[in-house]
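Here is a short briefing for a reader who is new to this structure. Please look over the sequence and the model first, then work through the points by topic.

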Amino acid sequence: MTSTPCARAGERAGTSPGWAVAARPVGDPVSAMLLREYLVDVADRYYQLHEERDSTPEEIGQALAEMPSDDLAPPQGVFLLAHHAGELAGCAGVRLMDARTAELKRVYVRPAKRGLGGGAALLAAVEAAAVGLGAGRIVLDTRLDLVEARGLYARHGYREVPAFTDGPYAEVWMAKQLG
């Protein structure tokens with residue numbers, strides 16, 4: 001697998017070395033495995049906060065069916081996998097909402113790889129991919145309890161904006177101008 005130029009640029013901009021980020025088909029078995037890990041991670045946090053329990057496999061299966069990631073594929077989107085020191089470590093996706101606006105989706109770094117610069121490497125790669133799709137702006141929605149993610153986005157220039165979606169888990173909306 002080769003790194004995207006944006007991942008190498010991200011390393012020069014101060015992310016930790018050892019990260020490689022590259023596009024991978026969202027339907028690939030490795031991509032599907034990481035998307036499931038992402039969903040278990042955010043679902044468990046949600047259920048622990050609201051019901052003091054972890055998600056069930058049935059809930060994860062239902063969520064994957066109700067919120068597919070099929071649109072994170074060309075020509076309107078990109079799905080990226082991150083490796084750290086040769087090990088699969090995270091993912092992120094981007095899709096066009098309109099001709100000039102991209103949406104950041106499914107940002108995830110495996111727990112053992114957190115704090116090593118993977119979030120920054122993924123954001124740099126996603127932003128470059130969004131520009132490559134023609135976007136001049138990138139937006140996202142997230143939950144209030146995902147404080148680490150919100151902090152990462154704020155450190156990388158994302159600012160809160162008025163709501164642009166009405167999903168059941170969207171509580172904070174952020175945007176960043178690109179280029």
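**Strands, helices and salt bridges**

Asp-98 has Thr-101 in strand 4 as its bridge partner. Keep in mind that the model is predicted.

**Strand 4 and its neighbours**

- Strand 3 covers residues 87–98 and pairs with strand 4 in the antiparallel sense.
- Seven bridges hold that pairing.
- The two strands form a hairpin, with two residues between them.
- Strand 4 also pairs with strand 5, here in the parallel sense, over three bridges.
- Thr-101 has Arg-137 as its bridge partner in strand 5.
- Thr-101 is also the partner of Asp-98.
- Eight of the nine residues of strand 4 are buried, so strand 4 is largely enclosed by the rest of the structure.

**Strand 7 and its neighbours**

- Strand 5 (residues 137–142) runs antiparallel to strand 7, and six bridges join the two.
- Within this pairing, Ile-138 stands opposite Lys-176 of strand 7.
- Strand 6 (residues 159–160) is antiparallel to strand 7 as well, with two bridges.
- Arg-159 has Ala-175 in strand 7 as its bridge partner.
- Strand 7 spans residues 172–177, and five of its six residues are buried, so the rest of the structure largely encloses it.

**Helix 2 against helix 3**

- Two packed helices are described by the angle between their axes and the distance between the axes.
- Helix 2 (residues 29–51) packs on helix 3 (residues 57–66) at an angle of about 115 degrees.
- Their axes lie 10 Å apart, and the crossing is right-handed.
- On the helix 2 side, the contact is made by Arg-36, Leu-39, Val-40, Ala-43 and Tyr-47.
- On the helix 3 side, it is made by Glu-59, Ile-60, Gly-61, Ala-63 and Leu-64.
- By class, the contact has seven nonpolar residues, one polar residue and two charged residues.

- Side chains of opposite charge can pair when their charged atoms come close.
- The structure holds 12 salt bridges.
- One of them joins Arg-110 and Glu-37, with the closest N and O atoms 2.6 Å apart.
- Arg-110 is in the loop between strand 4 (101–109) and helix 4 (118–132) and Glu-37 is in helix 2, so this pair ties together parts 73 residues apart in sequence.
- Arg-110 has 21% relative accessibility, so it counts as partly exposed.
- Glu-37 has a relative accessible area of 25%, so it is partly exposed too.
- Another salt bridge joins Arg-114 and Asp-41, whose closest N and O atoms are 3.1 Å apart.
- This pair also links distant parts of the chain, 73 residues apart: Arg-114 is in the loop between strand 4 and helix 4, and Asp-41 is in helix 2.
- Arg-114 is partly exposed, with a relative accessible area of 39%.

**A buried pair and a network**

- Arg-143 and Asp-145 meet through their side chains in a salt bridge, at 2.8 Å from N to O.
- Arg-143 has 7% relative accessibility, so it counts as buried.
- Asp-145 is buried as well, at 19%; the cut-off for buried is under 20%.
- Asp-71, Arg-95, Glu-103 and Lys-105 are linked by salt bridges into a network.

How values were computed
Residues numbered from 1 in each chain as written. Predicted model: local features only at pLDDT ≥ 70, side-chain atom pairs only at ≥ 80, totals over all residues. Heavy atoms only, no water. Axes fitted to C-alpha atoms, helices over the stretch in contact; angles between N-to-C directions. Helix = DSSP H or I, 4+ residues; strand = E, 2+ residues; numbered from the N terminus. Left-handed = near helix turned anticlockwise from the far one by under 90°. Contact = heavy atoms within 4.5 Å. Nonpolar A, V, L, I, M, F, W, Y, C, P; charged D, E, K, R; others polar. Salt bridge = Lys/Arg side-chain N within 4 Å of Asp/Glu carboxyl O. Buried < 20%, exposed > 50% of the residue type's maximum accessible area, 1.4 Å probe, protein only. Pairing = 2+ DSSP bridges.
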